[in-house]
Amino acid sequence: MANKDAILALGFDDKFIRVWEYYFIYCAAGFKSRTLGTYQIVFSRPGNDKLAYADNPYASLPAA
């Protein structure tokens with residue numbers, strides 16, 4: 001909510017902000033109660049041994 005004015009300046013309305021705030025609170029509660037989780041799934045063809053991220057799945061992501 002610290003960036004609410006910046007979000008409104010981008011053209012989003014209060015309803016958008018409320019929906020996203022609800023979504024984040026819902027997710028936080030779900031993770032805390034362990035009813036939600038995350039998975040990372042990689043699909044590949046048999047014999048594909050050239051996965052760039054096999055050792056480091058975050059290697060191809062930009063630095064924060």
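Before going on, a word on the model. It is predicted, so to speak of local features we need pLDDT of at least 70, and side-chain atom pairs count only at pLDDT 80 or more, while totals for chains, interfaces and linings use all residues. Residues are numbered from 1 along each chain as its sequence is written, and side-chain values use heavy atoms, leaving out hydrogens and water.

Now the overall picture. The protein chain has 2 helices and 0 strands, where helices (H or I, at least four residues) and strands (E, at least two) are DSSP runs numbered from the N terminus. Of its 64 residues, 5% are buried. The chain exposes about 6,400 Å², with carbon and sulfur atoms supplying 59% of that; these areas come from the Shrake-Rupley method with a 1.4 Å probe.

Let's look along H2. Its 19 residues, 14-32, should span 27 Å at 1.5 Å a residue, and the end C-alpha atoms are 27 Å apart, which agrees. The expected span is 1.5 Å times one less than the number of residues.

Which residues of H2 are buried? They are Ile17, Cys27 and Gly30. These cover an arc of only 160° around the axis, so they sit on the same side of H2; the arc is taken from the directions from the helix axis to the C-beta atoms. Helix H1 (4-9) is included in what covers them. On the other side of H2, Lys15, Arg18, Tyr22, Ile25 and Lys32 are exposed.

Asp14, in H2, is partly exposed at 38% relative accessibility. Beyond its neighbours within four places in sequence, Asp14 is in contact (heavy atoms within 4.5 Å) with Lys4 and Leu8. Asp14 and Lys4 are 10 residues apart in sequence, and 8.9 Å apart C-alpha to C-alpha.

Last, the surface. Leu10, Phe12, Phe16, Trp20, Tyr23 and Phe24 make a nonpolar patch of about 630 Å². Phe12 lies in the loop between H1 and H2 and, at 38% relative accessibility, counts as partly exposed. Patch residues have over 30% relative accessible area and no salt bridge, and nonpolar side chains (Val, Leu, Ile, Met, Phe, Trp, Tyr) are joined within 5 Å, like charges within 9 Å. A salt bridge puts a side-chain nitrogen of Lys or Arg within 4 Å of a carboxyl oxygen of Asp or Glu.

Methods. Buried < 20%, exposed > 50% of the residue type's maximum accessible area, 1.4 Å probe, protein only.
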